[in-house]
Amino acid sequence: MNLLSVEGISKSYGEKVIFKSLSFGINQGQKIALIAKNGSGKTSILNIIAGEDTPDEGNVVIRKGTRVAYLSQEPHLDSKLTVEESVLRSDNPILKVIADYEKALENPEDQEAYQKAFEAMDQFQAWDFETQYKQILFKLKLDDLNAKVGSLSGGQKKRIALCNALLKQPELLILDEPTNHIDLEMIEWLEDYFSKGKITLLMVTHDRYFLERVCNEIIELDEGKLYTYKGNYSYYLEKRETRIAQENVEAHKTKLHFKKELDWMRRQPKARTTKSKSRIEDFKEIKEKASQRRNEHQVQLEINMERLGSKMIEMHKVQKAFGDKVILDHFDYMFQRNDRIGIIGKNGTGKSTFLNLLTSNDTIDAGKIIWGETLKFGYYTQRGITVKEGQKVIDVIREYGDFIPLKKGRKISAQQLLERFLFDRKKQYDFVEKLSGGERKRLYLCTVLIQNPNFLILDEPTNDLDIITLNVLENFLLDFPGCLLVVSHDRYFMDKIVDHLFIFQGSGVIQDFPGNYSDYRAYEDSQIQEQKTPPKVEIKKIWKETSKKIVLTYDQQKEYKKLEREIKKIESQKEEIQNRFTNETFKPSEIEKYSIKLGMLDQELKQKTLKWFDLSELTE
């Protein structure tokens, strides 16, 4: 069933055409990701579909009665309200259903209105709405329902908006970067919630694991055209590569054809036949196709890293707290030249404070931090670039000089450097405030790297960057010869870049783990499994040790020995049946028979073992 159709939409800002004549549809049950380079208009497309913006041309048609919810990158919430009030005063249709039901209760004589209100309560599952929103707020770590929105961080505000979107129980949910500003635990919960739910999704996200595990279709906006891939992220990568290879083959054939036709045009006789006129008209189309080129420019990252001495940073018994909240408690670590450390942990456990202490932007309460003399930081913060009113892109880079030094004594102009970061000459004279979120982050990354750091700190570097830029950044960081410290909720990015983790667990506890994020998750899962599985009691060993110490009556000793033999026999029978299940093929009736037998043996073993333990307590 079709829920939404996008029909030939176009959008421009002044002379700049963002996209033109785009069309696609969304059917019930689809989980679609929209992928494109920064500045291609992904957010504009979502805003138009959600009704928060209008296209210059074209229409968006939504099936009548379809419930739609939209999570934007920058949610608009009333700062004066509390967390709970923000939920209860949202434009949630369930709240109207509840209000209608309460009104119907006040007018019991209107049976028709009451019946309608009652059925709506069932349809929207509104009976336990309070339980629902409190559960979701708890999952999103918004425990203080009385906290004012104005006092919350950007990430917490986004989580309230996410809660409101989920509570609408939409048939179509539109999400713009849903994993930004939420910690790994919440991302994994959201991933599980979406992958198992029947909800229809349209999202923009850079989180490649999220794409892999949630989406069943990907729409790519590339060179102004839409391409659809019926599969997850891995499928998309494979098919995209095939498509581009095919396009390159076709482009090569077109160029050869163009050369042939160009020769004919130069040699053609003056007399024009009907056939030659038709060929001339076709030539114009061939020429246009042959002149088309793929814009395959990628960000080019290169720095002339400052010389790095043997000493980097030493932290000795460092302590830091804010009131009763402990961030660091006698923390020790000596950073090495090629450290590639990732920092993970729940929001509020002190990750950003730790970075501020390292970079002298905050002071420690006790202990000592020693910095090497040759140390030069490059600190990419979550705040991003500071936008000055009326400042143009080129002005931002010229603050560092008209020429920037590169490796081997080479220099590059500010304009050339910006071109390497995909800001063409025209874009360089745009105002910074007009850039998209991803373009601002790319410009900010440029300002960090041109300072030629040898200790690079990246605090959530993947937020708002497109996947193409992320791939280039990852390859650059793999070859970065200095020390690297990364805070990120992007699991794919962390797996590729780091080989060592600091896990902030709160209350000053920091676990030092050798490995990447997937290694850590595998380790955590194995620990949980061990806790769930009760330790296997070595009954035989206990029998052997206790048999020398028992001071039981003659009858009790006989029963004790008998239980030993019977327990051993039952264990053998169990093992035999389990082996048969593993190695043989049974009919359904046999499976049922042996399953019942196995259950009876389990019960008997439990009873006899408990009896054996009772007797063993009588021993000295």
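Helix pair and open sheet

Author: In this predicted model, the axes of helix 5 (residues 129-139) and helix 6 (residues 154-167) come within 10 Å and cross at roughly 145°. Axes are lines fitted to C-alpha atoms, for helices over the stretch in contact, with angles from 0 to 180 degrees between N-to-C directions. Helices (H or I, at least four residues) and strands (E, at least two) are DSSP runs, numbered from the N terminus. Residues are numbered from 1 along each chain as its sequence is written. Local features need pLDDT of at least 70, side-chain atom pairs count only at pLDDT 80 or more, and totals for chains, interfaces and linings use all residues, while side-chain values use heavy atoms, without hydrogens and water.

Reader: Which residues of helix 6 make the contact with helix 5?

Author: Contact means heavy atoms within 4.5 Å. Helix 5 brings Phe 129, Gln 132, Tyr 133, Ile 136 and Leu 137. From helix 6 come Cys 163, Leu 166 and Leu 167.

Reader: Why is one side of strand 2 and of strand 4 left without a neighbour in the sheet?

Author: The open sheet has 3 strands in the order 2-1-4, with antiparallel pairing; two strands pair if DSSP finds at least two bridges between them. Strand 2 (16-27) and strand 4 (57-62) stand at the edges, so each has a single partner strand.

Reader: Which residue in strand 2 is the bridge partner of Ser 5?

Author: Strand 1 (residues 2-13) and strand 2 run antiparallel and are joined by 8 bridges. Lys 11 stands opposite Phe 19. For Ser 5, the bridge partner is Gly 25.
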